[in-house]
Amino acid sequence: MLSYIIRRLLVAIPTILLLIIACFFLMHFAPGGPFTSERPPPPAVLANLEARYGLDQPLWKQLWDYVTNIVLHFDFGPSFKFKDRDVNDIIAQGFPISLTYGFLSFLAASSVGIVLGCVAAIRHNTWIDYFTVSLGIAAQALPNFIMGPILILTFTLWLGLLPGGGWNGGQWQYLVMPVIALSTSYMGSISRITRSSMLEVLNSNFIRTARAKGLPARTIIWRHALKPTMMPVMSYLGPVFVYVLTGSVFVDIYFSTGGLGQAFVGSALSRDYSVLLGVTILYGVLTVVVNLLTDLAYAWLDPKIRY
Amino acid sequence: MQKKTRLFVAGLLSSTFITGTAFAGGTHPTTGEPLADDQTFIYRVLDEHTSVDPQVVEDVSGSEIVRDLFEGLMNQDADGNLVPGVATGYTANEDNTVYTFTLRDNAKWSNGDPVTASDFVFAWQRAASPELASAYQWYIELMSIENASAVIAGDKPLDALGVKALDDLTFEVTLSAPLPYFPQMTTHSTTFPAPQKVVEMHGDAWIKPENIVSNGAYVLTEHLPQERSTRERNTMYWDNDATIIDKVVALVINDENVALTRYMAGELDRTEMPAGQFPRMSKEHPEEAISFPRLCSYYYTFNLSDSGPEEFKDVRVRKALALTVDRKIITENVMAGGQTEAFSFAPVATAGFEPPEAKMASMSQAERDAMAVELLAEAGFGKDNPLKFNMMYNTSEGHKKIAVAMSQMWKQKLGVEVELSNQEWKVFLETRGNQDFELARGAWCGDYNEASTFLDLMDSESGYNDGKFESARVDELLASAKTSGDTTPLYTEVEQIIANEVPIIPIYHYAGVYMMDSDVGNWPVNNVQQNWYSKDLYKIAE
């Protein structure tokens with residue numbers, strides 16, 4: 001197991017390097033640059049700007065400097081747009097925010113989604129089943145960019161219960177709407193995947209055997225059905241986990257949370273090369289780590305899988 | 001040397017106030033209105049500001065904060081007129097090439113140090129410094145300060161820049177070209193002073209709330225990037241006794257509809273009106289929906305360079321297209337926020353500018369359309385041989401609506417076939433800058449309140465002249481406007497040439513369209529540049 005983990009982590013290094021190289025060149029090939037503006041600076045000013053940020057160097061040199069700075073100093077460079085902040089600052093400020101509301105959304109989506117899915121499968125073809133299925137479809141059909149404005153309209157303008165946005169250090173009032181907005185559609189998907197997976201498991205031979213030997217339904221569900229049910233759910237949860245943790249641009253835009261999602265999209269639009277690369281690397285590392293964790297979870301869930 | 005002296009009665013304003021800072025809960029010293037207990041002004045900004053370093057800041061929301069944190073030589077009043085800032089007044093030599101500013105002796109930094117002429121020398125040299133590499137170095141060049149170009153290019157040392165501290169309270173600027181409107185340019189944030197000691201101690205981090213030292217009416221007390229920034233009263237500010245607003249909060253809200261909802265929920269005192277909402281909001285909340293002219297123009301530019309289409313080389317074609325755009329439909333039905341129809345490039349609201357008597361403006365739309373049909377037929381285009389071209393704008397719902405409306409007008413009235421295309425902002429700028437277009441959208445806001453901030457774009461040498469319009473007469477007129485005492489007729493003639501040659505199609509002049517809480521007093525709606533200062537505002541008790 002340990003050697004498997006080490007092997008996976010070693011493979012991760014060239015993966016991340018490839019990611020950096022691909023992202024770096026794609027970024028530079030996109031038309032326009034960080035200093036392209038409606039008021040293009042005069043040539044002398046542009047030359048100063050490029051010299052300050054090292055953009056006057058050949059591309060391979062820029063890439064080399066970038067990577068060595070990360071490896072030697074853990075320095076992801078300055079932001080080209082926010083002149084007094086560097087990429088480390090931006091990630092240090094935005095990532096904890098994304099992490100907080102993302103993790104809570106993940107917890108909400110997975111716990112509620114799995115419970116709903118299980119209940120629906122156990123009470124197959126009853127009103128409970130129909131109700132949870134329609135709830136799931138409705139939740140899935142309401143993406144967060146629809147949920148956001150509806151929530152603000154309801155809770156802020158009509159009911160006056162919650163502040164319309166902001167973060168305020170993550171006080172609960174500021175967390176409620178982002179978490180609901182971000183989690184509902186995942187919740188819907190998770191409940192549907194859980195339901196169909198559970199139905200399949202409940203119809204399998206080993207469950208029939210368990211029933212035949214007279215085990216109580218509770219034990220059958222908890223001890224025998226739940227774990228195999230989680231296999232397909234798990235493969236869906238992995239990517240969802242990365243996605244919600246890295247922040248959602250919609251949540252950041254609608255609730256002014258100040259998370260990393262907005263910084264990521266904003267940096268692509270303003271060609272803030274270093275921020276874009278920095279956040280991409282963070283996302284890459286997270287994906288690699290979460291994929292590893294998901295694979296380890298498979299081994300725990302399914303005794304047939306051994307590393 | 002004969003000197004033109006313009007001194008301002010600096011004491012007049014401050015002497016009307018009796019010492020005492022607590023206005024909250026009292027009455028306004030001049031208008032007598034009852035003042036609210038809580039003097040906090042909260043407003044929405046679209047995006048996180050790029051910086052609050054006066055020499056570095058590039059964006060509008062950053063400049064608004066910088067104008068509160070720092071004070072330059074001159075300020076603007078609610079009508080956009082020049083009033084004293086750190087300088088009590090200035091003198092210019094006869095040909096407007098040497099300006100001498102006298103600084104007030106009671107101006108202080110927020111750490112108690114006096115504001116001196118050398119703070120301005122340091123700041124202006126800093127703005128030109130190749131090492132700092134501010135994107136606003138061009139502004140120092142635009143101000144025509146002696147040796148600016150050479151200093152920026154790194155050919156001359158910083159101290160070669162034409163700025164000098166004659167003594168602690170006398171700041172002298174030498175220009176390479178006479179600029180009659182130079183003092184107006186000192187209201188721009190690039191020219192605000194910077195505290196040398198603090199900048200040198202903290203480097204780029206000097207503007208973080210824990211380090212910053214500023215000389216304006218407010219100090220930065222909190223900055224949560226992408227969320228909000230807060231500025232509070234600077235007790236060291238020389239005119240602090242007359243300041244009423246205690247605290248100003250800028251909330252970053254990217255989505256304008258969410259911002260409007262939060263405004264309606266009472267979280268904000270001011271927000272921008274989403275396009276198309278003004279008619280409804282002004283009916284439902286007449287006291288809060290406001291619209292006023294801005295110093296910005298929306299236009300389309302023809303590509304007149306060699307890479308441009310042959311058809312556009314014919315002035316009759318350009319004129320026909322310009323005539324058929326029904327600006328009334330665009331301003332009243334598409335924008336519907338109090339924007340005004342544009343028949344000149346510089347907005348009519350620009351100081352010292354009189355638009356020429358454009359024949360087009362006085363005609364009815366039907367007459368314009370008839371004339372356009374004739375012109376286009378003369379140029380050899382008609383139903384059998386329709387004019388075809390591509391029209392490009394940067395991706396946005398608002399621009400799309402206008403482009404669709406314009407192309408429909410042309411199709412219906414002239415049978416012109418227009419292909420619409422849109423590009424993401426930075427791609428669009430690159431494409432337009434490389435003359436890789438036929439007809440492209442453009443917009444320009446004045447950097448200072450003088451027509452040259454617009455008309456200089458029509459100079460054949462201008463880096464912003466994306467359509468590559470060339471007219472020797474326009475170049476000549478613009479050059480002489482730089483030194484002339486009476487620029488109005490010169491600018492009028494430039495606009496006349498633009499009206500005749502039609503290198504661009506002006507569509508509309510912008511309006512500032514806000515929802516503004518009716519308890520906000522003294523918002524400068526007459527300041528077309530919207531240079532507002534929180535120290536001049538107040539909150540009325542409800």
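Mentor: B:V502 is buried, at 5% relative accessibility. Keep in mind that this is a predicted model.

Trainee: Where does B:V502 sit in chain B?

Mentor: B:V502 is in the loop between α18 (488-501) and β18 (504-516) of chain B.

Trainee: And what is the phi of B:V502?

Mentor: The phi is positive, about 50°, although B:V502 is not a glycine.

Trainee: Why flag that?

Mentor: Most residues other than glycine have a negative phi.

Trainee: Which loop holds B:Q435?

Mentor: The loop between α15 (425-433) and β17 (439-445) of chain B. B:Q435 also has a positive phi, about 55°, and is not a glycine.

Trainee: Is B:Q435 buried or exposed?

Mentor: Buried. The relative accessible area of B:Q435 is 13%, and the cut-off for buried is under 20%.

Trainee: Helices next. At what angle do α10 and α14 of chain B cross?

Mentor: Roughly 110°. The axes of α10 (residues 315-324) and α14 (residues 397-414) of chain B come within 9 Å.

Trainee: Switching to chain A. How many helices and strands does chain A have?

Mentor: Chain A has 12 helices and zero strands. The C-alpha trace of chain A spans about 85 × 55 × 30 Å along its principal axes.

Trainee: How much of chain A is buried?

Mentor: Buried residues are 49% of the 307 in chain A. On contacts, take those in chain A with a separation of 6 or more: 72% of them join residues 24 or more positions apart.

Trainee: How do α4 and α9 of chain A pack?

Mentor: At an angle of about 150°, with their axes 10 Å apart. Here α4 covers residues 87-122 and α9 covers residues 217-245 of chain A. Angles over 145 degrees count as roughly antiparallel, so α4(A) and α9(A) are roughly antiparallel to each other. Their crossing is right-handed.

Trainee: What classes of residue make up the contact of α4(A) with α9(A)?

Mentor: There are 16 nonpolar and three polar residues, and no charged ones. Among those in α4(A) are A:F95, A:F103 and A:F106. The α9(A) side includes A:M230, A:L237 and A:F241.

Trainee: Which residues of chain A does UniProt list as "transmembrane region"?

Mentor: The unreviewed UniProt entry lists residues 9-30, 101-122, 134-159, 171-189, 233-255 and 275-301 of chain A.

Trainee: What does the model show over residues 134-159 of chain A?

Mentor: That span is 88% helix and 0% strand. Its end C-alpha atoms are 26 Å apart.

Trainee: And how far apart are the end C-alpha atoms of residues 171-189 of chain A?

Mentor: They lie 28 Å apart. Residues 171-189 of chain A are 95% helix and 0% strand.

Conventions: Residues numbered from 1 in each chain as written. Chains lettered and ligands numbered in written order. Predicted model: local features only at pLDDT ≥ 70, side-chain atom pairs only at ≥ 80, totals over all residues. Heavy atoms only, no water. Axes fitted to C-alpha atoms, helices over the stretch in contact; angles between N-to-C directions. Helix = DSSP H or I, 4+ residues; strand = E, 2+ residues; numbered from the N terminus. Parallel < 35°, antiparallel > 145°, perpendicular 65-115°, else oblique. Left-handed = near helix turned anticlockwise from the far one by under 90°. Contact = heavy atoms within 4.5 Å. Nonpolar A, V, L, I, M, F, W, Y, C, P; charged D, E, K, R; others polar. UniProt positions renumbered as here; feature names shortened; annotations may be inferred. Buried < 20%, exposed > 50% of the residue type's maximum accessible area, 1.4 Å probe, protein only.
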